[in-house]
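Reader: I have a protein model open and would like to read it step by step. Where do we begin?

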Amino acid sequence: MGIQGPMKTRSGERVTQSEIHKVCEAGYNEVASAILRHAALKELEQFGEIISVRPLSHEDKAVFFGTIWAFFKDVPAGIVALAARVTDEWIREDMWNGTAKAAHILYASVDEYGLHQHSQHMLPTHHQMFKQLTTHLGLSDADLFNTHNILPEGTAMGNNTHRMYRSEFLGEALGFHLASEMTSSREFQYFLKGFQKYASEYGLADEDDPVLAFFAIHCEVEPMHVATGREVMISYLEKNPNIAPQAMRGAMAFMDGFEQMFAALNRHLGSSQSI
Ligand SMILES: [Fe+2]
Ligand SMILES: [Fe+2]
């Protein structure tokens with residue numbers, strides 16, 4: 001059963017639902033602010049600067065897209081796996097609302113899988129948009145899958161994503177997911193701006209060229225994904241406050257890996273810039 005009405009603490013005082021909600025909101029805020037304070041965001045900002053000072057060469061594009069693909073390829077299935085786990089766990093305690101809770105996670109998959117206008121037709125998935133963009137930029141599968149172009153930090157991020165979304169500790173998976181959504185809402189703005197700035201060098205008709213959909217769509221949907229990630233984490237904390245340290249651990253695992261991936265990209269692109 002979910003938490004209903006006033007509860008008693010160990011000392012016997014009554015605590016209302018809204019007081020519990022406030023404490024859980026504070027727990028969420030702690031994780032969210034640790035994400036925003038993390039040095040990874042500095043690396044991301046630096047990456048944004050690198051792609052804004054010059055267009056990327058073919059080789060740099062191959063390294064950038066090859067590396068982020070090694071990470072991004074694991075995101076959609078990770079989200080679906082997490083939604084299934086939330087459903088399974090919640091349904092045991094609150095049968096009628098398990099799917100409703102998991103819906104907050106699954107919502108992000110609707111975008112990943114191109115389902116948000118399903119009543120009319122299926123849209124391209126995020127992965128298909130990635131492929132359209134990289135094909136336009138002259139990158140073949142051989143470029144993207146060439147191990148010379150994939151920095152090991154990108155592969156590590158993909159492996160972490162696969163593992164953490166399926167972590168035996170649900171709190172870790174939720175923290176990891178939240179950090180993923182919070183960083184997405186920033187990183188795609190840098191990507192989009194950098195590529196829009198050199199539209200003609202990248203063979204784009206203009207800043208709004210539809211082939212940039214992979215970047216543009218994330219700028220649109222990510223704030224909503226952060227909101228749903230927040231929602232489900234607060235609900236989980238209300239149900240089980242003990243997950244707070246797990247959530248922090250999962251969020252920091254994401255941020256550490258993200259920092260390493262962008263630091264490696266910055267080193268690589270920064271050094272090829274000065275040649
Ligand atoms: Fe996506
Ligand atoms: Fe997202």
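Author: Start with a term: two residues are in contact if their C-beta atoms, placed from the backbone, lie within 7 Å. Keep in mind that this is a predicted model.

Reader: Among contacts between residues at least 6 apart in sequence, what percentage join residues at least 24 apart?
Author: Take the contacts in the protein between residues at least 6 apart in sequence. Then keep those that join residues at least 24 apart. The share is 79%.

Reader: How many helices and strands are there, and which pattern do they follow?
Author: The protein has 11 helices and 2 strands. Along the sequence, the pattern reads β-β-α-α-α-α-α-α-α-α-α-α-α.

Reader: Why does the protein count as being as compact as a globular protein of its length?
Author: For 275 residues, the globule rule gives 19 Å. That is close to the protein's own radius of gyration, so the protein is as compact as a globular protein of that length. The radius of gyration is 20 Å.

Reader: What percentage of the residues count as buried?
Author: A residue is buried if 20 or more other C-beta atoms lie within 10 Å of its own. Of the 275 residues, the buried share is 40%.

Reader: Are α4 and α5 roughly parallel or roughly antiparallel?
Author: Helix α4 covers residues 75-93. The axes of α4 and α5 come within 8 Å and cross at roughly 170 degrees. Angles over 145 degrees count as roughly antiparallel. Therefore α4 and α5 are roughly antiparallel.

Reader: By class, how many residues in the contact of α4 with α5 are nonpolar, polar and charged?
Author: On the α4 side, the contact includes Val75, Ile79, Leu82 and Trp90. On the α5 side, it includes Ala102, Ile105 and Leu106. By class, the contact has 13 nonpolar, 4 polar and 2 charged residues.

Reader: How do α5 and α10 pack, and is their crossing left-handed or right-handed?
Author: Helix α5 spans residues 98-112, and helix α10 spans residues 213-239. Their axes are 8 Å apart, at an angle of about 160 degrees. So α5 and α10 are roughly antiparallel to each other. Their crossing is left-handed.

Reader: Which residues of α10 does α5 meet?
Author: From α5 come Lys101, His104, Ile105, Tyr107, Ala108 and Asp111. In α10 they meet Val221, His225, Thr228, Glu231, Val232 and Ser235.

Terms used. Residues numbered from 1 in each chain as written. Chains lettered and ligands numbered in written order. Predicted model: local features only at pLDDT ≥ 70, side-chain atom pairs only at ≥ 80, totals over all residues. Axes fitted to C-alpha atoms, helices over the stretch in contact; angles between N-to-C directions. Helix = DSSP H or I, 4+ residues; strand = E, 2+ residues; numbered from the N terminus. Parallel < 35°, antiparallel > 145°, perpendicular 65-115°, else oblique. Left-handed = near helix turned anticlockwise from the far one by under 90°. Rg over C-alpha atoms; globule rule 2.2 N^0.38 Å. Buried ≥ 20, exposed ≤ 12 C-beta atoms within 10 Å, placed from the backbone. Nonpolar A, V, L, I, M, F, W, Y, C, P; charged D, E, K, R; others polar.
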